[in-house]
Amino acid sequence: MNERELDLQLIQRIQNGEQQAFALLVRKYQTRVANILTRYVRSSGDIPDVSQEVFIKVYKSLPNFRGDSAFYTWLFRITVNTAKNYLTSQSRRPPASDIDAEEADSYDGSGALKDDANPEAILHSQEVKQVILKVIGDLPDELKSAITLRELEGMSYDEIAQIENCPIGTVRSRIFRAREAIDKQLKPLLEN
Amino acid sequence: MKEYSQDLSSLMDNELGDKEVINTILDDTVLQKQFSRYQLIGDVLRDESNGLDLRMDITDNVMAAIANEKQDDYVAPLAAAPEKSNVVPFMKRFGQYAIAASVAGVVVVSSLMVNQGSSTDPSVAPVLNTVPFGGAAAPVSLQATPLQSENEIKERNERVEALLKDHQLQLQTQP
Amino acid sequence: MKHRLFLVACMSLLSLLASSQLIASPEVAQSEVKIETKSALPSALTYLNNMKQAYRELNYKLLYLNTAQNQIEPKQLIHGVVDGKSVAYFYFLNGAMRESLQFDGKISFYQQGSQAYSLATNRDQSVFANIANFNFENGNKSYEYIILGRDRIAGKKAIAIRMISKDQYRYSYIVWLDLESYLPLRLDIINQSNQILEQTMVVSLNISETINPWIQQLSVQATPDVLHLPLTAIAEVPKWHLDWLPPSFKIVKDDQHKLMMHDTDPVSYIMLNDGIVRVSVYISTKQTKLIEQKNVIRRGGTLIYTKQDENVEINVIGEIPLITAEKIAASIKPSK
């Protein structure tokens, strides 16, 4: 499975000088990075800037990524450090409930709302969530369970195939069909 | 188009190792945006997007910013986060060759074994790089001779290496 | 009188550099060692004690080269102090990532591609620690300290001090200290014929008021599990003792264990220490075939001396002259 690990495939390309591959890493992780930052960065208007700083740091130090911890764990640590630096520069103390890097994978990001949370953005994100849940609710059972096992339980196609008692190819196509259905409703919501 | 969408879906789930698919996605902004949305579905389901403006996309800004950035030649690397769940039983760990190679100084042995060919000093024996005392000739050699088979040399080298590594470990834990 | 002694010492240093088997860097070979003339200057002992304190208490980063037998290995050490406790981070700059972190009674090793682990230790294991933590007052039984003069190392004004062995059983050292911070900048291990056996040379020294934030951060990270080196209390491993110890050496470990890589071979193990040098003595029945019954392998200052008698193989490993290893090996007797 290792050679299918998307992060590693992309990192290898970047390390070979294919800078463009970094775009997919940004696309993959930008929401999670922003979500971690919400715990530290109180002004939501600063989140895009600090996120950007995180990814630039990640890019610059990628030659040192050694692959012995998961990329996300590494990214998580850089994100937290960048957030702390940001706080220092804003002369505020880091939150007392510091998150350990090891919690990175299990950390749930139900952060509190920000001081100056943008009400319109919050409404929008709630709407997005409702739409996604609605589409999933309307999906045929086998698609619903495939996308849930994948996205919420983090199972591999192989594991899902065993639970659902079907070929891996079927899992592949069910997950895709679920995403396709959701995406149809999601796409217009994200276009300005 | 449609076939790439399914590949995109498998790719983000770490279930596809196809270089061509990645090449295609990297060349196609429509597919890339689709990748972002597919990713967002999971983030939203996992509640990793609360309170965020989901229309925010920093990809282009980041890519523009790094276009002129050089990657660091050297940044102090982060020490590996130890994985708690991955404890290897003691003996198994010490059975591994790798163990003491990380102990400072053990390089002594490895280089002793590896660099024999690169020596320019003709008086240095090819098997174990040894230095005679007081500049005297006749370096001690573990070269294969009629009296000693290659296997025996190998065994001897392994023995010396084991001793040196043990020595290093003992030094590290000296009371 | 004193003046003259310095002059002689300087001359010997220069000739030493010239005769060195190492590739001495040109700046060093060409730089003139200036002669100390002022009598009010601190003594060698004062300098050495200042070094001891600086090495333990300052926040610094050293880039250095370790040279032995034409092989040069660049390394880095970052040292800092957190709440009065030293943190030392070490790593190899070339080749596979190999790094270690010592803090709070533990040293942890990380290497690319293998499981990280920790060992319990209370002794500083960093590059200059053996010299910098030496008890120089007591050490004057074994060494004489002489200021050789001034020099320039890593762009810093330095003072060179020679620690001359008072007997033939140990090597001598020359240590160069930064005159501003007193941190060690260079260390040569020298045999009786004045050859440099091994050299550690700092090429960049960085001192900061506050601890390097990165190692401070490392100090709060969880470290890998501590491994305990197991002893084997095997009845069939006979016990041994030494009839002779080199002057000022003490036995600091005496046990039976299995070699870490060959866990089938039990060995009797004795470690000797004189405050700088540690010597391991292995006694076992296991034999690998040698043409000669005695065998010497040397790498830099480190010697591996093997002696086989009948069914017993003795290995002595450490930074000592051959004569010391021979005498130790010859003095091994079975315990009753």
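This briefing describes the interface of chain A and chain B, the confidence of both chains and a few individual residues.

The model is predicted, so local features are reported only at pLDDT of at least 70 and side-chain atom pairs only at pLDDT 80 or more, whereas totals for chains, interfaces and linings use all residues. Residues are numbered from 1 along each chain as its sequence is written, chains are lettered from A and ligands numbered from 1 in the order in which they are written, and side-chain values use heavy atoms, with hydrogens and water left out. Between chain A and chain B, about 6900 Å² is buried, where buried area is the accessible area (1.4 Å probe) that two parts lose on being put together, summed over both.

**The interface of chain A and chain B**

- On the side of chain A, 76 residues are in contact with 67 residues of chain B, contact being defined as heavy atoms within 4.5 Å.
- Carbon and sulfur atoms carry 57% of the area that chain A and chain B bury between them; in chain A, the residues that lose the most area to chain B are A:Arg27, A:Phe176 and A:Arg179, which together make up 11% of what that side buries.
- The rule finds eight salt bridges across the interface of chain A and chain B, a salt bridge being a side-chain nitrogen of Lys or Arg within 4 Å of a carboxyl oxygen of Asp or Glu.
- One salt bridge links A:Arg27 to B:Asp57, with the closest N and O atoms 3.2 Å apart.
- Between chain A and chain B, 22 residue pairs are in polar contact, both residues being at pLDDT 80 or more; a polar contact is a pair of N or O atoms within 3.5 Å, where within protein one must be able to donate a hydrogen and the other to accept it, and residues adjacent in sequence count only if both atoms are side-chain atoms.
- Several helices of chain A each supply at least two residues of the side that touches chain B, among them helix H1 (6–15), helix H2 (22–37), helix H3 (47–61) and helix H8 (168–190); helices here are DSSP runs of H or I with at least four residues, and strands are runs of E with at least two, numbered from the N terminus.
- H8(A) gives the largest share of the side of chain A that touches chain B, namely 12 residues.
- By residue class, that side of chain A divides into 34 nonpolar, 19 polar and 23 charged residues, with Ala, Val, Leu, Ile, Met, Phe, Trp, Tyr, Cys and Pro counted as nonpolar, Asp, Glu, Lys and Arg as charged, and the others, Gly among them, as polar.

- A:Arg179 is found in helix H8 of chain A and is buried, with a relative accessible area of 0%; buried means under 20% relative accessible area, exposed over 50%, and partly exposed in between (1.4 Å probe, protein chains only).
- Not counting residues up to four places away in sequence, A:Arg179 touches residues of both chains, including A:Ile147, A:Glu151, A:Tyr157, B:Ser9, B:Asp13 and B:Tyr38, and its side chain makes a polar contact with the side chain of B:Asp13 at 2.8 Å.
- A:Arg179 and A:Leu143 are 36 residues apart in sequence, and their C-alpha atoms are 9.3 Å apart in space.
- A:Ser51, in helix H3 of chain A, is also buried, with a relative accessible area of 0%.
- Beyond residues up to four places away in sequence, A:Ser51 touches A:Val33, A:Ala34, A:Leu37, B:Met56 and B:Ile58.

**Chain B and confidence**

- Chain B has eight helices and zero strands, and 50% of its 175 residues count as buried.
- Chain A averages a pLDDT of 81, with 83% of the residues scoring at least 70, pLDDT being the predictor's confidence in each residue, from 0 to 100.
- The mean pLDDT of chain B is 62, and 53% of its residues reach 70 or more; over residues 73–146 of chain B the pLDDT is below 50, although this stretch has 154 contacts in the model beyond near neighbours in sequence.

**Positive phi angles in loops**

- A:Asn165, which is not a glycine, has a positive phi of about 55°; A:Asn165 is placed in the loop between helix H7 (157–164) and H8 of chain A and counts as exposed at 71% relative accessibility.
- C:Asp104 likewise has a positive phi of about 55° without being a glycine; C:Asp104 lies in the loop between strand E4 (98–103) and strand E5 (106–111) of chain C and counts as partly exposed at 46% relative accessibility.
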